[in-house]
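Colleague: Before we look at any case, could you show me how to read burial and charge pairing in a model of this kind?

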Amino acid sequence: MSNVVEYGARRAAVVTAVMLAALMQLADTTIVNVALPTIDGSLGATTDQGAWFVTAYIIANVIVIPLSPWFITLLGRRNYFALSIAGFTIVSVLCGLANDTTTEIALRFIQGAFGGGLMVPAQQIIRDTFPPNLLGKSQSLFALAVVIGPTIGPTLGGLLTDQASWRWVFFINVLPGIAATILVMLFVRDPERPRRMSFDFFGVGLLAVGLGALQYVLDEGERDGWFSDSNIVMLATLSFLALLAFTLWELYGAKNPGVALRVFGQRSVWALAVINFAVGGAIFGLVFIQPQYTQESLGFTTTLAGMLLMVRAGTIAILYPITTWVVSQPRVDLRAVAAAGIFVAGLATWLQTYQMTTNSSFLTFVLTQMLSGVGFAFVFVPLNVVLFKAVVPSTIPAALALTRLAQQIGASVGSAYAATLLDRGFAIAQNALAGSVSLGRASVQQFLATHGPHALGTLEGLVAAQAANISAAQATKFFALATMCATALPFLLARSRESIQATPATLPARIERGLIETPRTPVAIR
């Protein structure tokens with residue numbers, strides 16, 4: 001493995017390429033959501049069909065993420081990264097030009113496949129571009145993209161849809177995509193040469209079926225009534241059986257596994273996968289709830305709702321130098337830093353529930369959003385630093401792919417459960433409030449007498465607004481509590497002691513000294 005550390009202008013060019021690519025992928029996960037009603041109307045899609053503009057993208061994304069290490073080995077990290085960026089950009093243009101529902105869904109699936117190849121090489125490239133003593137700085141930079149991307153998506157999507165056209169939510173990727181592709185080809189170097197590898201068709205087929213069915217269940221479950229729907233039951237069963245067969249095949253049947261599941265033998269990998277699943281679910285559950293609440297209950301515009309999310313992202317960006325300094329201190333227990341960050345983020349969310357009324361303003365939530373940003377600023381950076389310090393360098397691509405997949409699935413589970421909490425919470429609250437509105441009550445009679453012929457409709461609207469507010473506050477409180485309960489999870493990780501930059505000659509000695517965590521079972525990286 002050759003040294004690909006860069007300095008000066010070359011490092012700046014590589015970092016720019018990585019950040020642009022990561023921002024495109026992460027923003028695209030939320031930017032289209034805002035434009036869905038407009039896209040549905042333009043293409044003549046029903047609400048259910050329009051939902052597939054997002055679902056198709058996510059399904060392809062989660063299928064490709066665990067396959068990224070295989071593509072990196074076959075094509076080379078630079079070539080695969082550049083191909084993913086270029087493909088993502090070209091398909092973005094085609095998505096913007098589509099004129100029918102079927103074509104748009106198919107193109108979104110292809111776009112998601114290219115997008116799935118962006119995050120794993122991006123994080124690995126930015127890590128290798130900096131020397132080992134600047135590992136904290138490299139991961140802080142990457143964390144900025146991870147936080148800012150999904151945050152600017154709703155705001156940018158709203159502005160482009162309102163001021164230009166829904167097609168620009170796709171065309172916006174053209175310039176950064178071209179720039180990132182050129183920078184990658186000019187300045188990114190491969191630490192290893194590509195090598196030919198056999199393709200695990202059976203294993204990958206099982207993975208695609210299992211993850212595809214799982215993502216469908218999570219995206220469509222609430223709309224179809226979850227397990228009261230026969231299709232959901234069938235697909236959930238199919239997902240379980242396919243993923244079980246995939247696991248057994250990869251571990252015991254495949255001569256050349258397509259996904260290196262044995263990397264889970266390393267404590268840092270399975271522990272971080274658990275943490276990413278839990279924290280990712282909590283974060284994206286809240287990201288799902290807040291825009292709906294602010295737009296539907298408070299009447300915020302799409303842009304204003306997005307700006308509220310950006311308050312948190314802005315706080316994280318401002319704290320970047322402090323985060324970098326903290327994670328660079330050798331005596332700091334990074335597990336404790338991450339645990340404190342998770343707790344503060346959960347506490348901020350809990351406090352926000354006491355400010356959620358039908359009359360709350362933008363300024364009402366600024367302080368709690370800033371406090372939430374303070375918490376999240378110290379979550380993912382220390383966790384990623386611990387991972388990079390703990391695992392053997394050759395296993396990093398597989399470790400990143402599997403922990404990223406866990407986070408993506410956690411996000412889908414969080415969003416699905418958030419939708420369920422909102423829908424069912426609204427029905428419960430509306431029934432309870434409606435039951436208290438009786439014509440025999442003097443206050444109700446007075447309201448009907450003073451609000452004219454439309455008083456009954458107005459009263460019904462007030463009850464619905466209060467029910468929506470109650471359901472949003474209760475759902476937010478649930479995810480706040482879940483976040484605080486996740487505070488202990490970082491301590492599943494072993495405390496890191498030294499960054500691993502081992503050569504073949506020094507690796508045995510470092511293992512013997514306990515500086516490198518070794519798996520209990522052999523690790524096969526494909």
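Modeller: What follows takes salt bridges, then a helix, then a single side chain. This is a predicted model, in which local features need pLDDT of at least 70 and side-chain atom pairs count only at pLDDT 80 or more, while totals for chains, interfaces and linings use all residues. Residues are numbered from 1 along each chain as its sequence is written, and side-chain values use heavy atoms, with hydrogens and water left out.

Colleague: How many salt bridges does a search of the whole structure find?

Modeller: Side chains of opposite charge can pair when their charged atoms come close. Here the search finds seven salt bridges, each being a side-chain nitrogen of Lys or Arg within 4 Å of a carboxyl oxygen of Asp or Glu. In one of them, Arg108 pairs with Asp28, with 2.7 Å between the closest N and O atoms. Arg108 lies in helix H5 (residues 101-115) and Asp28 in helix H1 (residues 8-43), so this pair ties together parts that are 80 residues apart in sequence; helices are DSSP runs of H or I, at least four residues, numbered from the N terminus.

Colleague: Are Arg108 and Asp28 buried or exposed?

Modeller: Both Arg108 and Asp28 are buried, meaning under 20% relative accessible area, whereas exposed means over 50% and partly exposed lies in between (1.4 Å probe, protein chains only).

Colleague: How many residues of helix H6 are buried?

Modeller: In H6 (residues 119-129), 11 of its 11 residues are buried, including Arg127 and Asp128.

Colleague: Which residues does Phe246 touch?

Modeller: Phe246, in helix H11 (residues 230-253), touches Gly203, Leu206, Leu207, Val259 and Leu261, not counting residues up to four places away in sequence, where contact means heavy atoms within 4.5 Å. Phe246 counts as buried, at 5% relative accessibility.

How values were computed
Helix = DSSP H or I, 4+ residues; strand = E, 2+ residues; numbered from the N terminus.
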